[in-house]
Amino acid sequence: MSRRETIKAVVSEMVEEVAGEPRDFDDTELLVDQLGLRSLHLARITALLEVELDLDPFAELVPITGIRTVEDLYRAYDLAADAPAGGAEAPDAAPAAPGTTPVPPATTAREAALRARELRTRARGGQE
């Protein structure tokens, strides 16, 4: 199975699981208006997908507000899988205005995912 097919299968499985009913759905169906999902459902789907696929396209690559359909989810995770091994690098920080403290650049999506995994592991008492 190709990476793209794997992503599609996992995304479909998670949407079905969170929706609470196994069914064949059209990839262009709207997650909220047609599948009846709410923001909490979408948050759960993205959390499950991050753990399952070890990808977080919403850290830097894709705005979560742009996700409307199942196909949008496929594309977001496919884009994250295509990102360079270190994730999308944050652009260099702009020079700080005089009299202000410079803000360090954001971490990469990969670094953020690894940090989140580490925190989850510690929260579970060190068990993966």
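1. T69 caps the N-terminal end of helix α3, with a side-chain oxygen placed 3.3 Å from the backbone nitrogen of E71; a polar contact here is a pair of N or O atoms within 3.5 Å, where, within protein, one must be able to donate a hydrogen and the other to accept it, and residues adjacent in sequence count only if both atoms are side-chain atoms. Helices are DSSP runs (H or I, at least four residues), numbered from the N terminus.

2. This is a predicted model, in which local features need pLDDT of at least 70 and side-chain atom pairs count only at pLDDT 80 or more, while totals for chains, interfaces and linings use all residues. Residues are numbered from 1 along each chain as its sequence is written, and side-chain values use heavy atoms, with hydrogens and water left out.

3. The buried residues of α3, among them V70, L73 and Y77, pack against α1 (3-19) and α2; buried means under 20% relative accessible area, with a 1.4 Å probe and protein chains only.

4. T46, in helix α2 (residues 39-53), counts as buried because its relative accessibility is 17%. Its side chain reaches the backbone oxygen of A43 at 3.0 Å, and, neighbours within four places in sequence aside, T46 is in contact (heavy atoms within 4.5 Å) with F58, I64 and Y77.

How values were computed
Helix = DSSP H or I, 4+ residues; strand = E, 2+ residues; numbered from the N terminus. Buried < 20%, exposed > 50% of the residue type's maximum accessible area, 1.4 Å probe, protein only.
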